[in-house]
Amino acid sequence: MENIKAIFTSLKTQQPKQQKTIKTKQMVGMAMLAAISIVFVSIIHFPLFPAAAFLEYDPADIPILIGTFAYGPIAGFLLTVVVSCIQGFTVSAGSGVIGIVMHIVATGSCALICGTIYQKTKTKKGAAVALAVGAVTMTIAMVIMNLILTPLFMGAPIETVMAMLVPIIIPFNLLKSIINCFVTFLLYKSISHILKGVEKK
């Protein structure tokens, strides 16, 4: 009986330490992903459509989505908020608060949707479905945000923005989100193993 009690006592004292270690590792992993995201948007940004050179592609969402798959939807959303704020006050300062809000809503909604779906089915098929739904969600979110905030940012009437939806805004955001989601699909498994410190079987 004394041996059994000793084992249970040992388990109770070890569990908080293990949880603390896991949380520390997660925080370090998320900080690393946030830093990579900022570096990505700093050095990789270019227009996808020459007719709309002001809309530039960047791969900043890829580390966020990988973090979402590794740590869950809430972690992915928190990553989005942190990256959006840092990016909005540094490398993308020109877009100001409007850019920060648009990024949080678009990428945040994608992270929440992707993370929630993937948590339920942690398979390649589940990841593919999650990212496909996420890409569509992000595109819809950007359409809504553009209709609400772009007239304020550009100082133009909403009719001008609506005229840009089909030829420019929707194709750009759909293509950008598809590229980022596809790259995430190719990389997430190997990188998530590194982030969690789990060896591949």
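**Note on the predicted helical model**

1. Ile-43 is found in helix H1, residues 2-43, where helices are DSSP runs of H or I with at least four residues, numbered from the N terminus. At 61% relative accessibility Ile-43 counts as exposed, the cut-offs being under 20% relative accessible area for buried, over 50% for exposed and partly exposed in between, with a 1.4 Å probe and protein chains only.

2. This is a predicted model, in which local features need pLDDT of at least 70 and side-chain atom pairs count only at pLDDT 80 or more, while totals for chains, interfaces and linings use all residues. Residues are numbered from 1 along each chain as its sequence is written, and side-chain values use heavy atoms, with hydrogens and water left out.

3. Thr-107 lies in helix H4, residues 96-120, and is buried, with a relative accessible area of 1%. Not counting residues up to four places away in sequence, Thr-107 touches Asp-61, Ile-64, Thr-80 and Met-138, contact being heavy atoms within 4.5 Å. The C-alpha atoms of Thr-107 and Ile-64 are separated by 8.4 Å, although these residues are 43 apart along the chain.

4. The largest nonpolar core has 32 residues, and those with the most contacts inside it are Phe-69, Tyr-71 and Cys-114; such a core is a set of buried Ala, Val, Leu, Ile, Met, Phe, Trp, Tyr and Cys residues joined through side-chain atoms within 4.5 Å. H1, H2 (61-71), H3, H4, H5 (124-154) and H6 (158-196) each supply at least two residues of this core, and H5 gives the most, with 9 residues.
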